[in-house]
Structure formats: structure tokens, C-alpha cells
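Good morning, colleagues. Please look at the display first.

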There are 6 protein chains.
Amino acid sequence: MRPNRLREIWGTGKAAINGWLAIPSGFSAETMAHQGWDSLTVDLQHGVVDYQAAVAMFQAISTTDTVPMARVPWLDPGIMMKVLDAGAYAVICPMVNSAEDAELLVKSTKYPPLGGRSFGPIRGLLYGGADYPEHANDTVVGFAMIETRAGLDNLEDILSVPGLDAVYIGPSDLSLALGCRPTFDDVDPPVAEAIDFILAKAKEHGKIAGIHNGTPEAALRRIEKGFRFVTISSDARLMAAGARTVVGTMRAGTST
Amino acid sequence: MRPNRLREIWGTGKAAINGWLAIPSGFSAETMAHQGWDSLTVDLQHGVVDYQAAVAMFQAISTTDTVPMARVPWLDPGIMMKVLDAGAYAVICPMVNSAEDAELLVKSTKYPPLGGRSFGPIRGLLYGGADYPEHANDTVVGFAMIETRAGLDNLEDILSVPGLDAVYIGPSDLSLALGCRPTFDDVDPPVAEAIDFILAKAKEHGKIAGIHNGTPEAALRRIEKGFRFVTISSDARLMAAGARTVVGTMRAGTST
Amino acid sequence: MRPNRLREIWGTGKAAINGWLAIPSGFSAETMAHQGWDSLTVDLQHGVVDYQAAVAMFQAISTTDTVPMARVPWLDPGIMMKVLDAGAYAVICPMVNSAEDAELLVKSTKYPPLGGRSFGPIRGLLYGGADYPEHANDTVVGFAMIETRAGLDNLEDILSVPGLDAVYIGPSDLSLALGCRPTFDDVDPPVAEAIDFILAKAKEHGKIAGIHNGTPEAALRRIEKGFRFVTISSDARLMAAGARTVVGTMRAGTST
Amino acid sequence: MRPNRLREIWGTGKAAINGWLAIPSGFSAETMAHQGWDSLTVDLQHGVVDYQAAVAMFQAISTTDTVPMARVPWLDPGIMMKVLDAGAYAVICPMVNSAEDAELLVKSTKYPPLGGRSFGPIRGLLYGGADYPEHANDTVVGFAMIETRAGLDNLEDILSVPGLDAVYIGPSDLSLALGCRPTFDDVDPPVAEAIDFILAKAKEHGKIAGIHNGTPEAALRRIEKGFRFVTISSDARLMAAGARTVVGTMRAGTST
Amino acid sequence: MRPNRLREIWGTGKAAINGWLAIPSGFSAETMAHQGWDSLTVDLQHGVVDYQAAVAMFQAISTTDTVPMARVPWLDPGIMMKVLDAGAYAVICPMVNSAEDAELLVKSTKYPPLGGRSFGPIRGLLYGGADYPEHANDTVVGFAMIETRAGLDNLEDILSVPGLDAVYIGPSDLSLALGCRPTFDDVDPPVAEAIDFILAKAKEHGKIAGIHNGTPEAALRRIEKGFRFVTISSDARLMAAGARTVVGTMRAGTST
Amino acid sequence: MRPNRLREIWGTGKAAINGWLAIPSGFSAETMAHQGWDSLTVDLQHGVVDYQAAVAMFQAISTTDTVPMARVPWLDPGIMMKVLDAGAYAVICPMVNSAEDAELLVKSTKYPPLGGRSFGPIRGLLYGGADYPEHANDTVVGFAMIETRAGLDNLEDILSVPGLDAVYIGPSDLSLALGCRPTFDDVDPPVAEAIDFILAKAKEHGKIAGIHNGTPEAALRRIEKGFRFVTISSDARLMAAGARTVVGTMRAGTST
């Protein structure tokens with residue numbers, strides 16, 4: 001089976017650089033995949049993307065050796081299994097709030113006997129190879145998002161669920177959950193404290209910790225702290241920022 | 001009829017700032033439309049976009065007051081009329097090489113008696129208003145691209161065609177046509193000379209001249225020269241450039 | 001944040017006129033949006049519409065000042081959050097049968113601390129404006145459909161759930177639930193009684209009551225009774241009715 | 001091969017009632033196909049429809065015994081052959097202005113030796129049956145639109161082209177061509193005269209004449225005159241008209 | 001209402017031959033529908049298909065008298081009701097593990113008073129006819145997949161749920177559940193035993209039993225055993241197998 | 001620039017095995033691409049495929065090292081340039097009937113000074129690499145289809161056009177052109193003679209000759225004769241043939 005580059009990177013003790021896709025287009029996904037990201041996550045939760053678009057985006061990413069991933073809309077076995085069948089090598093699941101939630105995540109992303117994933121990896125076989133069934137459980141990665149107060153309260157239990165690979169922090173939701181304003185990088189002190197807590201606990205349990213960032217500077221600081229999977233910005237944000245800069249320069253240069 | 005902001009800008013002697021759309025997605029188009037461009041051109045020629053995607057993109061642009069435009073794949077009456085019917089307020093037509101070509105462009109974009117555009121502005125009526133038929137000829141803008149040696153040779157004749165509104169320069173094709181390497185901004189001397197020639201002739205004939213640019217700096221220099229319509233970069237280029245910068249910063253910050 | 005015209009209408013004591021979209025097309029949605037409805041609801045439950053089509057339809061509606069809404073397929077947090085992120089200003093949720101159901105509806109449609117909506121209003125920011133996060137909870141409207149016997153039995157509890165904005169009646173399902181034949185307007189007495197009961201209870205709790213109608217006549221009668229949100233027919237029904245009339249006239253006029 | 005119901009109707013001396021599809025959706029097409037039209041024309045010219053949507057619409061129509069047709073964007077062999085390959089049983093081609101144009105229409109819609117249609121009726125075989133190749137030339141119908149002054153001037157020549165089956169009048173374009181305002185039914189006298197002329201000449205040459213109408217009343221009058229193929233309104237127009245009536249009734253009933 | 005050919009076949013004591021669709025395309029679905037299958041199942045679970053594609057595929061199948069069916073991704077009322085509203089005449093639901101699961105399946109696929117399906121059969125009315133509401137409960141078929149150890153353990157309870165029509169076996173998942181390698185036809189002894197057990201119990205309770213097969217030979221053997229609904233291979237598998245054979249023949253014939 | 005495997009195969013004196021794609025789906029294209037073909041041709045002429053679907057299919061093919069190709073609907077510069085910009089490495093153009101036609105094919109597929117292809121290889125750069133502009137003319141292959149009597153008559157002139165790479169024979173159209181019934185393999189004597197003639201002339205001019213076949217047996221015979229590019233069957237045909245065999249076996253095995 002084609003190895004999961006994320007696990008290879010983690011095996012060397014390094015951090016993976018993840019890009020984020022909110023535009024439902026195979027072409028923009030392929031363009032992003034040529035910019036050097038270790039992995040790209042198709043966001044089916046807050047991105048404007050559904051399953052059919054995601055498949056086209058996985059195909060586009062698969063023209064390169066960037067790892068195709070997905071964030072699913074919700075803790076729903078149907079869609080988690082569908083994105084894996086379509087060749088995603090990692091799944092990020094939002095709002096995992098309890099050990100029970102984490103168990104459902106594992107059940108939905110691992111084959112028996114570890115989990116209860118239904119068999120039929122239709123595009124997984126094309127992308128991963130004919131021995132996909134034997135190695136999928138050790139290749140595919142499941143991330144549980146810790147982003148609510150319940151998630152924080154039950155963190156030990158969540159991290160103790162067998163088969164859980166990693167946790168992922170959404171600083172915006174975590175901020176809202178703690179009564180702060182939603183932001184990615186310059187989080188309020190209670191959020192910063194919660195982030196440190198999650199990271200420390202993940203390390204304790206030998207789990208990978210990942211986090212969403214607005215800028216590379218924030219991502220680098222977080223890697224230094226011990227995060228092994230960092231997302232920076234997104235396709236739509238990078239495009240909009242570039243456009244704003246261009247238009248701003250033009251308006252400044254033509255106003256007189 | 002809803003006025004064409006391009007003509008309003010030109011009426012005040014200013015230049016219009018145009019963005020470029022190569023990603024076939026209504027969402028990326030809408031995101032671009034919120035960044036302050038005067039107009040946005042859906043590129044059906046070199047963009048990865050066909051007509052059905054273009055319609056969704058026109059709708060997305062129409063949620064703002066940015067002017068929706070299209071570049072068509074070729075001097076073909078069918079597609080020129082279709083994008084206008086779908087609400088485009090301007091059409092850029094590639095490789096107009098002769099007066100005959102320019103006449104076909106006018107014929108395809110203006111109603112009789114000026115031209116021969118077929119009647120049925122199905123979304124034009126929604127976007128422009130019920131009096132679209134009366135005012136379309138004075139509102140919609142047709143750009144003839146001058147980008148071949150034949151186009152240069154026949155420039156006077158092209159500019160003399162009644163009903164032609166504007167010319168547009170694709171520096172890459174013009175460079176290739178003159179035996180130079182394709183580029184947007186730092187063109188070789190023969191290309192620079194040809195660009196100046198086209199601009200001068202357009203002014204002589206009272207036509208608007210537009211040009212494609214890679215950077216705002218180049219666009220500003222060209223506005224100073226007299227160009228009244230400048231395109232800068234594109235959705236996909238801005239996204240890719242932003243991503244490359246992020247990934248570059250991350251690689252630099254994590255290598256040691 | 002762009003205000004929700006539904007709330008403005010309700011603030012003046014009036015009723016909102018809602019259209020219904022079952023055809024998965026941005027063009028038909030835009031055409032409907034130009035006919036003067038206060039709001040248009042994309043029906044992801046019984047309409048032939050999924051999320052990706054819904055986004056295109058929200059964009060099309062957003063070219064006018066008609067309010068974009070969605071009915072979701074089921075009481076599922078994932079899709080409720082996705083349609084809101086895509087810019088819907090109101091959500092109708094089918095088969096809310098208990099206080100627990102209503103709480104999940106509120107949790108899915110309101111940000112903390114009132115609810116548990118996940119943060120990432122990607123198109124909501126474009127449509128609503130940069131201050132969307134601050135005002136979304138007071139702007140977006142959640143309708144709980146009361147259309148089962150359990151819903152009737154638990155109506156007081158449902159209406160007492162904090163953060164619930166409104167209820168909506170599907171006369172067909174309510175009829176089936178009460179052992180009557182499904183219809184919109186000329187409902188059987190037990191259904192009529194149930195409708196009156198729901199309306200009275202909603203008023204008691206200071207909640208908006210809405211209902212689905214087949215004809216404007218029925219809708220007007222229901223507004224007189226106190227309904228403040230009335231849907232009439234749908235895109236597909238209006239088209240089919242118009243076509244049947246045309247074909248009927250033609251058959252009558254040509255048969256001899 | 002499945003017979004063409006249009007030819008069966010014409011064989012009995014009657015007129016066919018044609019509906020018009022401008023919404024790019026298989027579902028709206030199928031809904032229209034259940035309303036009793038003899039044929040339905042997918043409008044790839046002024047409708048918001050491209051080829052891929054048209055195929056889905058042909059399939060939807062093919063669930064009934066309504067005849068699937070297409071109007072193509074322009075006199076272009078590529079698209080005429082593509083819609084036939086996809087199962088259209090008739091093609092309406094805009095702006096046929098000369099015998100040469102009519103010959104290209106015949107060449108594009110009939111197999112050798114009569115024409116030059118390329119062989120590969122991929123969906124035609126599914127819809128028409130295995131003997132499609134033998135009978136296609138006698139089954140498929142090609143309509144030449146007469147709607148310009150040149151078309152009027154060259155009408156005799158056009159009607160004399162071997163293999164041409166029928167002519168079709170677009171009153172809007174014909175009106176514009178004759179310096180009148182575009183309309184369907186209440187055309188100005190010069191247009192009325194031109195319509196009568198086309199009809200008379202078509203009869204003389206034993207060709208079917210068809211025409212676009214806004215209302216069934218106009219269509220019935222034209223059938224009485226001798227038109228054998230009448231289009232009335234369209235999917236989008238019928239929907240919009242129905243919606244305007246509903247909203248109008250609601251506004252009238254609630255304003256006080 | 002249009003009768004369900006599956007029930008007609010079963011009424012004569014015969015077995016239905018079912019094809020399987022994993023390619024999200026109306027054209028491939030229509031091509032398959034012309035090959036003589038009794039029914040075709042659009043696979044929304046492991047196929048690369050979502051709801052919008054499924055609708056186009058149902059339409060394509062409906063151009064023939066093959067019965068349109070769907071396998072849904074998960075035991076989720078929303079999607080089960082949506083595929084039925086879109087005209088599916090049977091639903092296969094994966095991983096039904098308990099009587100409670102089976103009750104939810106019945107509730108989602110049958111109207112009250114038997115179930116709790118919400119009313120709005122928008123395309124069901126087009127495909128089935130105007131009396132769809134009266135006859136849907138007796139026409140539509142719901143299959144519960146028995147493919148886990150829990151499903152086996154609770155089989156009696158599942159089969160006793162009123163309104164359940166049939167069971168369906170996925171040999172791959174059943175194999176995994178029993179600690180064997182996933183396969184369709186040559187299953188390991190424990191799986192063969194479980195299959196026989198399910199079949200025997202289904203017969204006891206007067207339910208139809210169906211099963212997935214890789215080859216017609218396996219399917220014929222299973223019909224002999226008493227299965228009344230057999231799936232063989234899939235669109236993508238048949239295409240790939242054909243291609244492999246062609247390429248293999250070519251490589252063998254050209255290597256020297 | 002990524003080399004064109006077709007040219008590599010031809011450089012070793014061997015023949016390339018080409019598959020054919022008529023189903024507009026990235027998933028079926030990717031499945032085909034994993035079966036070992038040297039190249040796969042997306043058929044935009046007789047396949048049910050338009051440009052937007054073709055792009056997704058090119059991406060799917062690009063996940064393997066099979067060469068992506070396209071057959072365009074017609075000798076139209078717009079679509080030829082668009083498929084090349086989208087990354088096709090070869091174009092087959094139907095009905096090239098004269099030297100003038102062949103010159104237009106060359107002009108549309110080669111950059112100046114050899115041709116007049118417009119510059120903007122948006123996906124070509126991703127697929128081919130940053131040096132695409134320098135090497136495209138020597139990498140991309142243009143096939144002229146010889147399939148009409150005019151094509152035969154003008155064969156010498158066509159083959160003498162500078163920049164033309166190859167010819168391709170569609171036996172069905174050639175058969176029709178010569179008054180024979182359309183077929184792929186067992187062509188009538190005049191067609192066989194014409195095929196031999198084209199092959200001989202192509203060899204004389206040092207051009208590659210390709211041909212469409214129904215079966216591998218026919219393809220092997222034609223390779224022996226000297227064809228260097230053979231297409232066998234298509235995705236839809238292989239799928240349908242497989243399905244017919246399965247259903248036939250099932251019907252035979254269950255009838256008694």
C-alpha cells in the first residue's frame with residue numbers, strides 16, 4: 001500500500017505542513033497541490049464543499065505526492081467512511097467531546113476487529129494499491145478535534161480510546177467555547193492555556209497534536225512547542241489576501 | 001438598465017482595475033468579487049472554465065457591484081452571444097486579426113441594426129433590467145485582442161470598424177508572435193514597441209486600450225502611459241503565490 | 001451585519017411571503033428571486049437539491065434582497081451548520097418532536113454560549129458582512145417543524161426551549177400523522193384543529209408561526225389567523241401548473 | 001428505430017405542441033415532460049444550458065414519450081452532431097441566412113450520402129434502438145431558423161436545399177432584423193407580413209413551418225394559418241409568471 | 001402506481017437479477033439499464049456517488065423498465081427519505097444491527113401509520129404516478145443489511161420488526177466481522193455458515209433474502225439455495241475487467 | 001517537460017495501446033487509467049463529454065502515467081487549444097479533408113512560429129512542468145482524422161502539411177463515406193483498401209498512423225500491418241459487454 005507521508009514525517013520526528021481547501025474545484029486543488037504542502041485537507045465542514053466535489057479534489061491532489069485528507073462535517077459514520085473509500089488518507093472529525101465520540105470516530109475509520117468501518121474502498125484501492133485492505137488501519141489517520149469545554153473536560157478519556165491516532169485543535173471554536181472571540185493565532189490567555197493543556201496531554205498519551213493557524217509565523221511557533229501537524233490559512237484566504245493587496249496597491253497608485 | 005461601471009469609470013477619465021478568474025467555481029468568484037475589483041473577467045479561453053461554470057460565476061459576481069465580464073475561447077458568435085445573454089457586460093475576444101474579424105466581433109455583440117446579435121438576453125434581463133434591449137448596445141463592451149502580427153498589421157482597419165469599443169493586449173501571445181518569449185510585464189523591446197504602437201493607435205481612434213499585467217507595479221506604469229483597463233494576475237496565480245510564500249516560510253523555519 | 005428582512009417584517013407586525021425552491025438550479029433560483037418574494041427557501045428535504053446546488057442557489061438569491069433560507073433534510077447538526085455557513089439566514093428543520101430535538105436545533109444554529117454551532121461562516125461573512133460573528137445569533141432564524149403527533153404532544157416543551165425562534169407547519173405530514181390524507185390547504189378537521197392549536201401556543205410563547213400553503217388564498221386566510229410566515233406553492237409546481245394550462249388550452253383549441 | 005412522434009403528428013396533418021426549456025436541470029425537464037407536450041426543446045442558444053446539462057435533460061425527457069429536441073447556439077457542425085448523438089430527435093439551428101447555411105445544416109444532421117454527419121450515435125442507439133443508423137436520416141428533423149433579412153431574401157434558395165425538413169421562425173429576431181421591437185405575438189405589420197411570406201413559401205416547397213409564441217392564443221391562431229409546429233412560452237417564463245401572480249395576490253391581499 | 005417489478009418477480013417465486021452502479025454518471029447508468037437487469041442499485045455508500053448524481057442516475061434508469069434502487073451510506077432517515085422522494089423503488093440500508101435499527105429503517109421508508117416517512121415524493125409522483133401516496137408503502141422495498149456480528153446475534157429480532165421487507169448480505173463486511181478476509185464469492189467456512197443461517201432465518205420469517213456476488217456462477221448457486229435477489233459485480237468492475245482483458249491480449253500479442 | 005510516452009513508444013518502433021473514454025466521469029476515467037493503457041482518449045465528439053468533464057478526466061488520468069488525450073468535436077481552434085491548455089498531450093481532430101484543414105489543425109495545436117496556438121497552458125504547466133512552453137511543440141501530438149472521400153482525395157496534400165504529426169482512421173465514418181455500412185473491424189473491401197492506402201501514404205511521409213478497433217484481435221492485425229497507434233473499444237462498450245454477458249449467463253441459468 002502506498003505509505004502515508006504524514007506517518008513517514010512523524011516517524012522522523014518532524015512536523016507536517018498542511019494546506020486547507022475550501023473552494024469546491026479540482027483545478028484549484030491541483031494548483032494548491034503543486035505548491036509543496038505535505039498534505040491538503042478538503043474541508044467538508046466549513047468549506048463550500050460536498051462529497052462529489054471532494055472526490056474530484058482528491059483525484060487532483062493525487063496527481064502529486066501531497067497527502068489527500070478531509071475534514072468531515074460532523075461525527076457521522078456515513079461521510080467518514082465515504083471520504084476514506086474515496087481515497088482520503090486522513091480524516092479530521094469536528095467536536096469530539098467524549099470517549100464515546102472518539103470511539104465512534106475510531107469505529108468509523110478502522111476496519112474490524114479494531115473498528116467497524118464497512119468494506120468497499122473503491123478509490124482507496126486505486127490510490128493506495130491492491131493491498132489497501134491489509135494496511136489501511138495502520139495507514140489512515142484519524143484526528144479528533146478538541147474544541148469544546150466538554151472536549152477539554154473529557155480529554156484524558158478521549159486520548160485513552162484505543163485506535164485514536166491524533167487530536168486537532170480549532171482555535172476559533174475553542175475560543176468561542178471558552179467565552180473568547182474566535183481567532184486563529186493571537187488567542188486569549190484562557191485559550192492559550194487550553195491549547196498548551198491539550199498539547200501536553202497528547203504528548204503524554206503518545207498522540208500527534210495538530211492545530212489550525214492563520215500565519216506561518218504562528219505555525220512555526222507552535223511547531224517549536226511540539227505540534228506535529230500545522231495547517232496554515234486556506235486556498236480562499238490566500239487568494240483573497242493576494243487580491244486585496246493587488247487592489248490596494250492599485251487604488252493607492254491611482255488616487256490623486 | 002443597470003449602467004456599466006466600466007463606462008462610468010472611463011467617462012471620468014480613469015482606468016478600471018480588472019481581476020481575472022480561471023477557477024471554475026462560483027464560490028471563488030464571489031470571494032474575488034468582494035476584494036474591490038472594478039470588474040472581473042471569467043476566462044473561458046485559457047481558464048479551466050466552460051459556459052455552465054461561467055454562468056454560476058456571473059451570478060456570484062452579481063452579488064456585488066463588480067462588473068461581470070468574459071473572455072471567450074475564440075471568435076465564435078455562439079459563445080459570444082451566450083455569455084452576453086448570461087449577463088456579461090463585456091466580452092474580450094482573442095486573436096482579432098483583421099477588419100473582418102472585428103466586424104464579426106461587433107456583429108456578435110451588438111443588436112441590429114448595428115450588429116447581428118440574436119435576441120434572447122435571458123439572464124441579461126434579470127441582471128440589467130427590463131429595458132436591457134433598448135440599452136444593451138450602448139452598455140455592453142466588446143474588446144478585440146490585438147496579439148498577432150496580422151493584428152498589428154491590420155490595426156488601423158480593425159480600429160476603424162464601427163461599433164468596436166476597445167482593444168486588449170495579451171503580452172504573452174504578442175511576444176510569441178514577435179519571436180520573443182511569452183511574459184506579461186518585462187517584455188522584450190519589440191513587444192514594448194508594439195504595445196506602445198497599439199496604445200497610440202487606439203487613442204488616435206478614440207478607443208479604450210486594455211492590457212494584461214502580472215503585477216500591480218506594471219499595471220500602474222501602463223495606466224500612466226494611457227491604458228484605461230488593466231488586468232492584474234488571476235485567482236489561481238494569487239492563490240498559488242500565497243501558498244508558495246507560506247510553504248517557503250515554513251520550510252525555511254523548520255529546516256535545521 | 002446585513003439585517004434579516006424576515007425579522008424586519010416581523011418587527012412591523014407583518015407576515016413574510018416565502019417562495020419555495022425544489023429545482024436544483026441557480027438560474028431558476030435567480031429567476032424566482034426576481035419575482036418579489038420576501039424570502040426563498042431552498043428545500044434540501046423533499047426538493048431535488050443537495051448542498052452543492054443549494055450554495056449556487058443561495059448565491060443566485062443573493063443577487064437580490066430576497067432572504068435566502070433552507071429546509072434541511074433532517075435534524076442533523078452537520079447540514080444545519082453547512083447551510084448557515086453558506087449564507088442561509090434561516091433554517092427550517094423537519095420533524096422536531098421533543099424539547100430535546102428543539103435543543104439540538106438551537107445548538108446547531110446558534111453560536112456559544114447560546115448554542116454549539118461550530119465557527120467558520122465562510123460565505124456568511126461575504127453575504128452578511130465582517131461583523132457576522134457578533135450578530136449571527138440575533139439575525140439567523142431557526143424554525144422547528146411541528147408535524148407529528150409527538151410534536152403536538154410536546155409542543156409546550158418545544159416552545160419553551162431557549163433560543164428557538166419559530167415553528168413551521170407542514171400540513172401534509174401533520175395530516176398523515178393524524179390519520180388524514182396529505183394535503184396543503186383544505187385539511188381535514190382534526191388537522192385544522194391541530195393547526196389552530198399550534199398557532200395559539202406559538203403566540204402564547206411569543207414565537208413566530210409559519211405554514212406551507214398550496215394557494216395564495218389559503219395563505220391569506222392563514223395570515224388573517226395570525227401566521228407570520230407563509231409559503232405558497234413552489235418553483236416546480238408553478239412551472240408545471242403553467243405548462244398544464246398552456247397544453248390544456250392548446251389541446252382544447254386544436255381538437256375537432 | 002423509435003419513430004419520431006413529430007413526423008407521426010405531421011403525417012396526420014396536425015400541428016405539434018412544443019415546450020421550451022431554458023433551465024439547465026434534468027428535474028425541471030422531467031417535470032415539464034409530464035405535462036403533455038408533444039416535444040420539448042432544450043435551448044442551448046438563449047437558454048442557460050450547455051451540452052452536459054442538455055444530455056441530462058434529454059434523459060429526463062426520455063422517461064416519457066415526449067420528443068427530445070435541441071436548439072443549438074449557432075450553425076456549428078460540432079454541436080449539432082453532439083446533440084443528435086445524445087439522442088435529440090430534432091435540431092433547430094438559428095440564423096440560417098443562405099442556401100450555403102442550409103446545406104451546412106443538412107450536412108451536419110444527415111448521414112452520408114445525403115449529408116456528412118459523423119458516425120457515433122452513442123445515446124441515439126440507446127434511445128432510438130439498434131437500427132438507428134439505418135433510419136436516422138428519415139427520423140431526425142432539422143429546422144432552419146429564418147430570422148434575418150438575408151434569410152428572407154434567400155428563402156427560396158434555402159427551401160430548395162435537398163434534405164432540409166423544416167423552417168422555424170423566431171419573431172423577436174425577425175422583428176429586430178426588420179427594424180421593429182422584439183416581441184413574440186403582437187408583431188408589427190412588416191413582421192406579420194414576413195411571417196406570412198415564410199409560411200406561404202414553406203408550404204409551396206412542402207416544408208413544415210414552425211414558430212415561437214408567447215401565449216397559447218397566438219399559437220392557436222398560427223396553427224389555423226398553417227403552422228405545424230408551435231412553441232409556447234418556456235419553463236422559466238411559466239414559473240416566473242406563476243410566481244408573479246402568487247406574489248401579486250399576496251401583496252394585494254395583505255396591503256391595507 | 002407503477003408496480004415494483006421486484007415484487008412482481010417475487011410474486012412468481014423467481015429471483016431478481018440486480019446490477020450495481022458505482023460510477024456517478026447518468027450516461028453510464030442508462031447504458032447499464034439497457035443491458036437487461038431487473039433492477040439497478042445506485043451505491044451511495046461505497047460507490048463514488050452522492051445524492052445529486054443519484055437523481056440523474058434514477059432518471060437515466062427510468063428511461064427503461066429496470067427498477068431504480070439505492071444503497072444509502074448509513075442508517076440515516078434524511079438520505080433514505082431523499083432517495084425515495086427521488087423515485088427509488090427500493091432502499092438497501094447498511095449495517096442494521098438490532099431491532100431498533102430495523103425499526104428506524106422501516107420508520108424512514110414507510111408512511112404513517114406504519115412508519116414515519118415525511119411526505120413530499122416529488123419525483124416519486126412523476127415516476128410512480130399520482131396515486132403514489134396510497135400505494136408507496138406496499139410498493140417500495142426496504143432491505144436491511146446483515147453484515148456484522150451484532151446483526152447475526154439479533155437476527156431474529158430484526159426479522160420480527162413489522163414492515164421490514166427483506167434482508168441483504170454483504171459478504172465482504174460479514175467476512176471481516178467474522179475475522180475472515182473480505183471477499184464476495186469464495187467465502188471462508190464461518191461466513192458460508194452465517195450466510196446459510198441468515199437465509200434460513202429469512203425464509204422462516206417470510207422475508208426476501210438478497211446477496212452480493214462477484215460472478216454469475218456464484219449468483220446462480222445462491223439462487224438455487226433460495227436467494228431471491230442477487231447482485232453481480234458492478235459497472236466499474238465490469239468495465240475494468242473488460243479493459244484488463246483487452247490490454248492483456250494486446251500486451252501478449254505485441255511482446256516479442 | 002514531462003515527456004510524452006507516445007513519442008517514447010514510437011521512438012522504439014512500437015505501437016501504443018489506446019483506450020477510449022465516452023463516460024463523463026473522473027472516477028471511470030481513473031479506473032480505466034489503472035488498467036494499463038499507454039494512453040486514454042477523452043472523446044468530446046461522440047462521447048457524452050464536454051470540456052468541463054474532460055478536465056476532470058484529464059486530472060484523473062494524470063494520477064497514473066497513462067497519457068491523457070482528447071478527440072475534439074470538430075476542427076475548431078477554440079476547443080483544440082482548450083484541451084491542450086488543460087493538459088492533453090495529444091489531440092485527435094475529426095474530418096480533416098484538405099491541406100487547409102490540416103494547416104488549421106497545426107495552427108491550433110502548435111505555438112508560433114510553427115503554428116498560432118494562443119499562450120496560456122494553465123494546467124499544461126502543472127502536468128507538464130515549468131518548461132512546458134519551450135517543449136510543447138515537440139511533445140504534443142496532433143492527429144488528423146482521414147475519414148471522408150475528400151480526405152482520401154487530398155491525402156498527399158494533408159500529409160505534406162508541415163507540423164502534422166499523425167493521422168487517425170475512423171473506420172465507421174470512412175465506411176459511410178464510401179457507401180458501406182459503418183463498422184470498426186470487419187470493414188468492406190473498399191474500406192479495407194482505403195485503410196491500406198492511408199497507412200501506406202502515412203509511412204511514405206514518415207507520419208504515424210492510428211486506427212479505431214472494436215477488438216484486440218483486429219488491433220493486433222493492424223499493428224502487424226504497421227499501425228502505431230490503436231484504440232480498442234471504449235469504457236462504455238466494455239462495461240455494456242460485461243453486463244450483457246453477466247445478464248445472459250443469469251438468464252440462461254435461471255430459465256427452466
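By contact I mean heavy atoms within 4.5 Å. Among contacts in chain A between residues at least 6 apart in sequence, 63% link residues at least 24 apart.

A word on conventions. This is a predicted model, in which local features need pLDDT of at least 70 and side-chain atom pairs count only at pLDDT 80 or more, while totals for chains, interfaces and linings use all residues. Residues are numbered from 1 along each chain as its sequence is written, chains are lettered from A and ligands numbered from 1 in the order in which they are written, and side-chain values use heavy atoms, with hydrogens and water left out.

Let me stay with chain A. Its secondary structure comprises 13 helices and eight strands; these are DSSP runs, H or I of at least four residues for helices and E of at least two for strands, numbered from the N terminus. The radius of gyration is 18 Å, close to the 18 Å from the globule rule for 256 residues, so chain A is as compact as a globular protein of that length. That radius is taken over C-alpha atoms, and the rule is 2.2 Å times the number of residues to the power 0.38. Of the 256 residues in chain A, 69% are buried, meaning under 20% relative accessible area with a 1.4 Å probe, protein chains only.

Next, the relation between copies. Chain B is superposed on chain A by a rotation of 180 degrees with 0.0 Å of shift along the axis, at an RMSD of 0.0 Å. By contrast, no contact joins chain A and chain D, whose closest C-alpha atoms are 17 Å apart.

Finally, the backbone. Most residues other than glycine have a negative phi, and most peptide bonds are trans. S233(C), not a glycine, has a positive phi of about 55 degrees. This serine, S233(C), lies in the loop between β8 (229-232) and α13 (235-254) of chain C, and at 7% relative accessibility S233(C) counts as buried.

How values were computed: Buried means under 20% relative accessible area, exposed over 50%, partly exposed in between (1.4 Å probe, protein chains only). Copies are superposed by least squares on the C-alpha atoms of residues with pLDDT of at least 70 in both.
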